Amino acid sequence: MGFDVSALSNYSDEQSKELVTRSQFATKTAKFATKHIKVKSSKKIQKLGATVYMQDGDGCAYTSTGNVDLSQATLTTTRIKFNQDFCIQELEDKWTQILLQAGQQYTEADMPAEIRKVILGEFGELFEKADWQGDTTSGNPNLNRYNGIIKLISNGGDATEANVSAYYGTPATVLDQTTIVAATDAMMKAFNAVVPGSAGKTTVKIFMGREKFDALRIAYREKNYFGFNGTTDQGNDEMRILGSNYMAVAVDGLNGINKMFMIDTVNLHIGMDGDAEDEKLDMWLDPSTRETIKSKMRLRRGWCIPYTDEVVTFII
């Protein structure tokens with residue numbers, strides 16, 4: 001005689017309290033920008049420039065030439081909010097009941113910490129994408145709250161394109177490991193022409209999607225550049241462009257987009273109302289029903305690039 005287990009379902013342990021969440025995007029781009037706090041509507045960023053001319057030093061004549069130019073750029077922030085309700089009782093009939101305390105009187109303290117964490121992670125993904133791809137004319141509600149970096153550069157209309165014969169040769173039609181090294185070289189040529197004296201600045205970055213960053217890394221490896229050191233030249237999603245002080249930076253906001261941007265990060269400005277307000281999620285028990293957990297995040301956010309004429313793009 002053996003065991004008759006046909007009436008039993010296969011065992012599956014559902015007692016683990018560990019919640020495994022999917023990988024979250026990091027809001028990396030904002031960390032490179034100059035942060036302006038308490039911008040409740042808009043703020044003027046003061047621009048200063050000068051034009052000077054050398055003159056003939058012979059004689060005693062005095063002629064004034066040149067100008068000091070004062071102008072302004074506007075950093076505008078937009079009101080954004082997130083609202084969501086949760087009914088803790090919905091967790092009672094599933095394995096998730098083991099996450100709950102005994103009794104029926106739940107409060108916001110009963111919301112599992114991992115759920116809070118994944119919600120904030122989702123906010124991070126939305127902000128990183130919107131910081132680059134935001135467009136107030138978009139039909140996507142997660143992208144039309146404010147104009148992101150791409151739209152601001154486009155609106156400026158004076159960035160320098162490196163995918164042209166003057167810098168690259170016959171324009172590239174793809175951005176992969178066969179073209180990425182020449183593409184970044186072309187961007188450096190264009191940037192040094194547009195912003196003379198920038199070659200030694202460590203604040204200048206080439207921003208690209210993660211797949212472009214991986215293509216550059218693979219291209220360097222396969223070209224067997226002896227000067228490429230994986231320890232000192234690559235790490236934390238940044239990699240040195242060989243022969244320069246410039247760094248390539250992988251940002252998830254540009255994933256899947258055939259565009260790269262070379263920018264001095266002192267030219268990136270982000271406006272917020274409160275410091276780190278994109279990391280604060282309020283939760284409370286609805287006092288009217290004492291059943292529903294409500295959550296809210298409210299913030300302001302916006303970007304400004306005062307000198308779009310000092311940006312170099314590589315666009316397919």
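# Briefing: a predicted protein model

Buried residues make up 40% of the 316 residues in the protein; buried means under 20% relative accessible area, exposed means over 50%, and partly exposed lies in between (1.4 Å probe, protein chains only). This is a predicted model, where local features need pLDDT of at least 70, side-chain atom pairs count only at pLDDT 80 or more, and totals for chains, interfaces and linings use all residues. Residues are numbered from 1 along each chain as its sequence is written, and side-chain values use heavy atoms, with hydrogens and water left out.

**Overall build**

- The protein has 4 helices and 14 strands. These are DSSP runs, numbered from the N terminus: helices are H or I with at least four residues, strands are E with at least two.
- Take the contacts between residues at least 6 apart in sequence: 72% of them join residues at least 24 apart. Contact means heavy atoms within 4.5 Å.

- Strand β11 covers residues 269-272, and both of its faces are covered.
- H269 and G271 are buried on one side, and I270 and M272 are buried on the other.
- β1 and β11 run parallel and are joined by 3 bridges. Two strands pair if DSSP finds at least two bridges between them.
- I270 in β11 is the bridge partner of K35.
- β11 and β13 (residues 292-304) run antiparallel, with 4 bridges between them.
- In that pairing, H269 stands opposite C304 of β13.

**Residue T29**

- T29 sits in the segment before β1 (34-36).
- T29 has a relative accessible area of 0%, so T29 is buried.
- The side chains of T29 and E128 are joined by a polar contact of 2.7 Å. A polar contact is a pair of N or O atoms within 3.5 Å; within protein, one must be able to donate a hydrogen and the other to accept it, and residues adjacent in sequence count only if both atoms are side-chain atoms.
- Leaving aside neighbours within four places in sequence, T29 is in contact with E128, W132, I149, V251 and W303.

**Helix α3 and its surroundings**

- Helix α3 (residues 180-194) has 15 residues.
- From first C-alpha to last, α3 reaches 21 Å, close to the 21 Å expected at 1.5 Å a residue. The expected span is 1.5 Å times one less than the number of residues.
- The buried residues of α3 are I180, V181, A183, T184, A186, M187, M188, A190 and F191.
- Their cover includes β5 (160-161), β6 (204-208), α4 (210-222), β10 (259-264) and β14 (312-315).
- A193 also lies in α3. Its relative accessible area is 47%, so A193 is partly exposed.
- A193 and T160 are 33 residues apart along the chain, and their C-alpha atoms are separated by 9.7 Å.
- S165 is in the loop between β5 and α3. S165 counts as exposed because its relative accessibility is 59%.
- S165 and A186 are 21 residues apart in sequence, yet 9.6 Å apart in space, C-alpha to C-alpha.

**The largest pocket**

- The largest pocket holds about 160 Å³ of space.
- On a 1 Å grid over the protein atoms alone, a pocket is an open set of points with protein on both sides within 12 Å along at least five of seven lines; lining residues have an atom within 4 Å of a point.
- The residues lining the largest pocket include I80, F82, L126, P141 and Y146.
- β4 (78-87) and α1 (113-133) each supply at least two residues of this lining.

Technical notes
1 Å grid on protein atoms, 1.4 Å probe; cavity = no way out; pocket = protein on both sides within 12 Å on 5 of 7 lines; lining within 4 Å. Points joined across faces, edges and corners; volume = space filled by probe spheres on them.
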